[in-house]
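Colleague: I would like to learn how to read a model of this kind, feature by feature. Could you take me through it slowly?

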Amino acid sequence: MNFRIPVDLHDRFRRLVRDTEQAHRRLRHPSLTELVIALLEEGPETVDEVAELIRRKRASEHAAP
């Protein structure tokens with residue numbers, strides 16, 4: 001799979017990784033790739049959880065100005 005992360009999400013998570021590196025010095029050189037993989041690994045496990053995530057994403061897109 002190859003995809004682009006929207007700029008606002010990329011910036012938000014890149015900032016989180018940078019802040020994590022500052023706050024948790026023993027966690028050496030965390031990367032955005034590691035974070036994305038960790039999120040995917042920890043993500044939904046059932047079809048109902050996937051459906052709920054997709055519903056929430058679509059609702060937030062329609063609610064955005």
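**Reading the pocket and the fold**

Modeller: This is a predicted model, and we can start with the lining of its largest pocket, where the biggest share, 6 residues, comes from α3.

Colleague: Which elements give two or more residues to that lining, and what is the volume of the largest pocket?

Modeller: The volume is about 830 Å³. Of the 21 lining residues, those closest to the centre of the pocket are Leu9, Leu39, Leu40, Leu53 and Lys57. The elements that contribute two or more residues are α1 (7-23), α2 (32-42) and α3 (47-63).

Colleague: How many helices and strands does the protein chain have?

Modeller: There are 3 helices and 0 strands, and reading along the sequence gives the pattern α-α-α. The radius of gyration of the protein chain is 14 Å, well over the 11 Å that the globule rule gives for 65 residues, and the chain is therefore more spread out than a compact globule. Along its principal axes, the C-alpha trace spans about 40 × 30 × 25 Å.

Colleague: What percentage of the residues count as buried?

Modeller: A residue is called buried when its relative accessible area is under 20%, and by that cut-off 8% of the 65 residues of the protein chain are buried. The accessible surface of the chain comes to about 6,400 Å², with 55% of that area belonging to carbon and sulfur atoms.

Colleague: How far apart are the mean positions of the positive and negative charges?

Modeller: The protein chain has 12 positive and 12 negative charges, and their mean positions are 7 Å apart.

Methods:
Residues are numbered from 1 along each chain as its sequence is written. This is a predicted model: local features need pLDDT of at least 70, side-chain atom pairs count only at pLDDT 80 or more; totals for chains, interfaces and linings use all residues. Side-chain values use heavy atoms; hydrogens and water are left out. Helices (H or I, at least four residues) and strands (E, at least two) are DSSP runs, numbered from the N terminus. The radius of gyration is taken over C-alpha atoms; the globule rule is 2.2 Å times the number of residues to the power 0.38. Buried means under 20% relative accessible area, exposed over 50%, partly exposed in between (1.4 Å probe, protein chains only). Accessible areas come from the Shrake-Rupley method with a 1.4 Å probe; for residues, only the protein chains shown count as cover. Lys and Arg count as positive and Asp and Glu as negative; His and the chain ends are not counted. The place of a charge is taken as NZ of Lys, CZ of Arg, CG of Asp or CD of Glu. On a 1 Å grid over the protein atoms alone, a cavity is a set of points where a 1.4 Å probe fits but cannot get out, and a pocket is an open set with protein on both sides within 12 Å along at least five of seven lines; lining residues have an atom within 4 Å of a point. Grid points are joined across faces, edges and corners, and a volume is the space filled by probe spheres set on the points.
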